[in-house]
Amino acid sequence: MGERKYALWYNDAGMLISPGESVRMDFAEALTWEQAAGRIRELLDAGEYAGQVTMYRAWSFEKNRVAEALQFLHRDIDEDYKGEYFPTLTAALGNRYIYPDVVEKTKALLEQPEQLKSVISEFTDFLKDYAHDRGLLRFHHHRNDEILQGLKDLQREPIKFTAAEDFTPQRRLFISQDEIDKLLREGPDHHDYRLGIVRYFEQHPDKKEREKYLSHLHGEYQGYNGGNDNIVYTYKQLEFSHGSVTEPYAKVELKWNKVRARIEELIARGTFLSDEDKEILESRYLEADTGQEVEIPPETAQRKTPYQVVVYHHIENGFDERLDYQTLAEAENVAQAYISGKMDDGFEYEGAGIYDLVGEKWLRIFGDFPHEKAHEQIRQAHSLADSVPPAQMELGTADAQELVTSDPPPPVEERSKLTSTIEAIYPAEKNNLPYEIIIEKLHI
């Protein structure tokens with residue numbers, strides 16, 4: 001307002017408004033959602049909430065939003081169940097799923113009262129089954145309750161508002177420090193990400209090393225567009241904007257030295273880690289013989305939990321480091337659970353790998369895990385296992401013992417003409433066999 005900035009933050013209880021770039025509790029004005037809704041209705045009736053163009057587009061925008069959300073959910077139904085749900089929507093689409101045509105067809109369907117009623121009934125049936133079987137969806141990020149409420153709202157007759165003739169909204173929007181901090185912490189369930197940063201910062205006091213670590217967390221390039229957020233990670237900087245990707249109404253560009261400095265400040269304040277993160281840290285304490293808790297130094301903790309699980313998905317986060325585990329068997333179970341969507345977040349990753357933090361080498365690959373160095377190291381270990389005589393293996397050559405296959409190696413002259421990439425590894429203990437099974441794709 002005028003030359004003064006006001007920051008806004010909201011949650012399930014309501015919203016906080018405070019002067020400045022961050023919501024400060026000692027200066028913040030708190031509003032419940034009932035109070036906010038009442039005030040917004042007053043401004044709408046007075047024609048002083050939004051410009052006429054925005055008023056005109058609001059209903060069309062809402063119909064498009066609901067249709068798009070429904071279509072994304074419909075697309076993510078597991079292949080085994082696609083014919084069992086949303087028959088009205090499936091029939092209207094006619095097996096054509098080209099975006100954005102599919103959204104337009106869905107919107108046209110929802111504009112027909114009887115068809116809309118059928119979709120609401122089918123969606124309600126789906127939610128009842130989904131509550132008992134999350135396997136119905138391949139991904140679990142959809143806001144199902146919001147979609148259902150949006151469908152029900154489409155049955156209502158919209159109220160038309162008109163902007164006052166002399167009303168010209170003057171808004172200069174910005175991204176608050178609270179939004180930036182939330183982005184730097186990532187999602188509530190990304191414990192491994194935050195704990196990994198804290199651990200690295202403890203072990204590497206050099207600022208340049210920290211900045212390099214942060215810049216490589218998301219790979220050479222990673223972009224995300226969802227809701228009102230546009231996020232781009234590169235080795236150079238972090239870009240964060242709201243609105244259109246090409247014409248955002250608010251944007252910040254943060255060099256990695258700024259990101260590093262802000263994370264250091266949050267860590268120093270004790271606000272970087274969530275309460276759940278801190279509980280996980282407490283689990284890394286050992287009870288000494290005296291009965292007192294003794295914290296494990298970072299280097300000792302790394303030796304105690306040497307097997308790190310790294311997951312991969314080409315859309316979500318690329319390669320993403322998870323927690324470390326004390327035994328290889330435990331790490332294998334967790335890696336396979338990430339692929340099958342059996343972890344707490346329910347997300348199905350495309351691939352996973354296990355990295356030996358002590359030996360600094362890759363040990364296992366599961367599913368689609370396009371990490372060249374991991375494939376190369378496991379292929380070399382595989383070749384070593386083939387070349388070591390049985391007597392030497394009995395004496396305990398660790399690298400050779402890690403990967404053994406049931407098939408004899410090809411002759412040397414043939415091996416020189418072939419290259420391969422590892423597609424999957426099935427550990428011996430999971431197959432109840434005395435050897436591991438490695439599936440490779442040969443390239444002539």
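**Salt bridges, a cavity and a loop**

Reply: The structure holds 22 salt bridges, a salt bridge being a side-chain nitrogen of Lys or Arg within 4 Å of a carboxyl oxygen of Asp or Glu. This is a predicted model, in which local features need pLDDT of at least 70, side-chain atom pairs count only at pLDDT 80 or more, and totals for chains, interfaces and linings use all residues. Residues are numbered from 1 along each chain as its sequence is written, and side-chain values use heavy atoms, with hydrogens and water left out.

Me: How many helices and strands are there in the protein chain?
Reply: Helices (H or I, at least four residues) and strands (E, at least two) are DSSP runs, numbered from the N terminus. Counted in this way, the protein chain has 18 helices and 15 strands.

Me: In which helix do Lys 107 and Glu 104 both lie?
Reply: The side chains of Lys 107 and Glu 104 meet in a salt bridge, at 3.7 Å from N to O. The two residues are 3 apart, about one turn of the helix, and both lie in helix H4 (residues 101-110).

Me: Is Lys 107 buried or exposed?
Reply: Buried means under 20% relative accessible area, exposed over 50%, and partly exposed in between (1.4 Å probe, protein chains only). Glu 104, at 42% relative accessibility, therefore counts as partly exposed. Lys 107 has a relative accessible area of 14%, so Lys 107 is buried.

Me: Which strands hold Glu 239 and Lys 251?
Reply: The side chains of Glu 239 and Lys 251 meet in a salt bridge, at 4.0 Å from N to O. This pair links distant parts of the chain, 12 residues apart, with Glu 239 in strand S6 (residues 237-243) and Lys 251 in strand S7 (residues 248-255).

Me: Why does Arg 156 count as exposed?
Reply: Arg 156 and Asp 153 join their side chains in a salt bridge, at 3.8 Å from N to O. Asp 153 is partly exposed because its relative accessible area is 25%. Arg 156 counts as exposed because its relative accessible area is 58%.

Me: Which helix gives the largest share of the lining of the largest cavity?
Reply: A search of the whole structure finds 1 cavity of 30 Å³ or more, where a cavity is a set of points, on a 1 Å grid over the protein atoms alone, at which a 1.4 Å probe fits but cannot get out, and lining residues have an atom within 4 Å of a point. The largest cavity has a volume of about 70 Å³, a volume being the space filled by probe spheres set on the points, which are joined across faces, edges and corners. Its lining includes Leu 183, Tyr 193, His 218 and Trp 256, and helix H7 (177-185) and helix H10 (256-269) each supply at least two residues. The largest share, 3 residues, comes from H10.

Me: Which residues does Glu 360 touch, not counting residues up to four places away in sequence?
Reply: Glu 360 is placed in the loop between strand S12 (351-356) and strand S13 (361-367), and with a relative accessible area of 57% Glu 360 is exposed. Pro 306 is 54 residues from Glu 360 in sequence and 9.3 Å away in space, C-alpha to C-alpha. With contact meaning heavy atoms within 4.5 Å, and with residues up to four places away not counted, Glu 360 touches Tyr 355 and Gln 377.

Definitions and conventions:
On a 1 Å grid over the protein atoms alone, a cavity is a set of points where a 1.4 Å probe fits but cannot get out, and a pocket is an open set with protein on both sides within 12 Å along at least five of seven lines; lining residues have an atom within 4 Å of a point.
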